[in-house]
Amino acid sequence: MIKNVLGIETSCDETSVAIISDGVLKSNLVSSQDFHNKYGGVVPELSSRAHLQIMNPLVKSALKEAGLEFKNIDLICATAGPGLIGALLVGLTYAKGLALSLNKPFVPVNHIEGHIFSGFLMKDKPEFPYLCLVVSGGHTLLLIVKNDLEIIKLGSTIDDAAGEAFDKVAKMLGLGYPGGKAIQEYAENGDENSIVFPIAQLKTEYDYSFSGLKTAVLRFLQKEYYQNIESIPANELNNIAASFQKAVVDALIKNVKKAISNFEFKSISLVGGVAANQKLRDEFKKIAEINKLKLVIPDLQFCGDNAAMIAERGFRIYQSGNRFELNANAYPSLPQDVFQEYSHR
Ligand code: KG4
Ligand code: ZN
């Protein structure tokens, strides 16, 4: 019988450890590597080294918070990919070593699947089948989640991920890294209709493209301000952020609406780091109300990278009957066969 599940997440620049006991989240610690800010992006080598230093102390703190000891752990789940290989290997190898020493089962978890099932960390959980929009720094995916084992990919980004677009535009505007939250904050005081940035029109029904939008912002800055961000008036900075945010959200929502009119769903779910965006959350709420669908958007602590979603997903995989040897490898990108491809008309 599995009572206490340990989750470990080290795919990028967050070290996270979580414990779920009898379906109740007892601890979800996240240690963010803020020092990457000054490099304008995550430096892989530094990320791996920081994970190494904090891994064991963080597991001990999570156990303490949950009132447990190592010997009480029944199942160990860790992110195997996609992500930075060096970073992944720290958490994965630690988890496998722990499983070996405690003689307890180990489950390698796909990070994106962690996000997809993060809605199950909420009190009010998604009901199958549900439409899931995954928006993170590395991925943008529109999926039909039929059950724990069947996920159909309707569409994905053909270039930049939504979060990546936020980060790149934030960098252009001098708002630091990662920039999604900063764009949202500036956008709050701006007029989202002041500048019309284009939304990509793709031939495939449910795919996304954000690279053209990013270039449109760059062209605007070059034309209006000779790319000298210092010369942009504060109010105009707010307007650019708001107009850009509107373009991303409109593009994301367009395909969600299309999917809802073409398929039957019981719920809709918005997950991943960009799911923290208030405008996107508000739009999802409106769509759910209009279409009388159950809406599940995880709390902010479960939108960004966290180990609670890894523990949750790992436990669900284990409960589905899957068992794993200790030879699981880390992988940098999303394997082709994780989701079933939807055959487009
Ligand atoms: O899922 P996540 O934490 O990490 C990955 O797996 O990539 O997502 C990180 C992304 C970053 O691109 C960050 O800028 C974006 O989520 N993000 C936001 C907001 N908060 C975080 N984007 C828009 N609005 C936000 N409030
Ligand atoms: Zn993520």
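This is a predicted model: local features need pLDDT of at least 70, side-chain atom pairs count only at pLDDT 80 or more; totals for chains, interfaces and linings use all residues.
When I say that residues meet or touch, I mean contact in the sense of heavy atoms within 4.5 Å.

Helix H6, residues 211–225, packs against helix H7, residues 234–262, at an angle of about 160 degrees, and their axes lie 11 Å apart. Because of that angle, H6 is roughly antiparallel to H7, given that the term applies over 145 degrees. The crossing in which H6 passes H7 is right-handed. On the H6 side, the residues taking part are Leu213, Val217, Phe220, Leu221 and Tyr225, and they meet Glu236, Ile240, Phe244, Ala247 and Val248 of H7. Sorted by class, this contact has nine nonpolar residues, one charged residue and no polar ones.

Phe244 leads us on to the cores. The largest nonpolar core has 56 residues, and within it Phe197 and Phe244 touch the most other members, while H7 is the element that gives the most to this core, with 14 residues. If we set aside residues up to four places away in sequence, Phe244 touches Ala165, Phe166, Val169, Ile183, Phe197, Leu213 and Val217. There is also a second, separate core of 26 residues, with Val17, Leu29, Met55 and Val59 among them.

Finally, a residue in a loop: His36 sits between strand E3 (24–32) and helix H1 (44–66). His36 counts as buried because its relative accessibility is 1%, where the cut-off is under 20%. Apart from neighbours within four places in sequence, His36 is in contact with Asp13, Gly41, Val42, Val43, Leu46 and Ser47.

Definitions and conventions:
Residues are numbered from 1 along each chain as its sequence is written. Chains are lettered from A and ligands numbered from 1 in the order in which they are written. Side-chain values use heavy atoms; hydrogens and water are left out. Axes are lines fitted to C-alpha atoms, for helices over the stretch in contact, and angles run from 0 to 180 degrees between N-to-C directions. Helices (H or I, at least four residues) and strands (E, at least two) are DSSP runs, numbered from the N terminus. Angles under 35 degrees count as roughly parallel, over 145 as roughly antiparallel, 65 to 115 as roughly perpendicular and the rest as oblique. A crossing is left-handed if the near helix is turned anticlockwise from the far one by less than a right angle, and right-handed if clockwise. Ala, Val, Leu, Ile, Met, Phe, Trp, Tyr, Cys and Pro count as nonpolar, Asp, Glu, Lys and Arg as charged, and the others, Gly among them, as polar. A nonpolar core is a set of buried Ala, Val, Leu, Ile, Met, Phe, Trp, Tyr and Cys residues joined through side-chain atoms within 4.5 Å. Buried means under 20% relative accessible area, exposed over 50%, partly exposed in between (1.4 Å probe, protein chains only).
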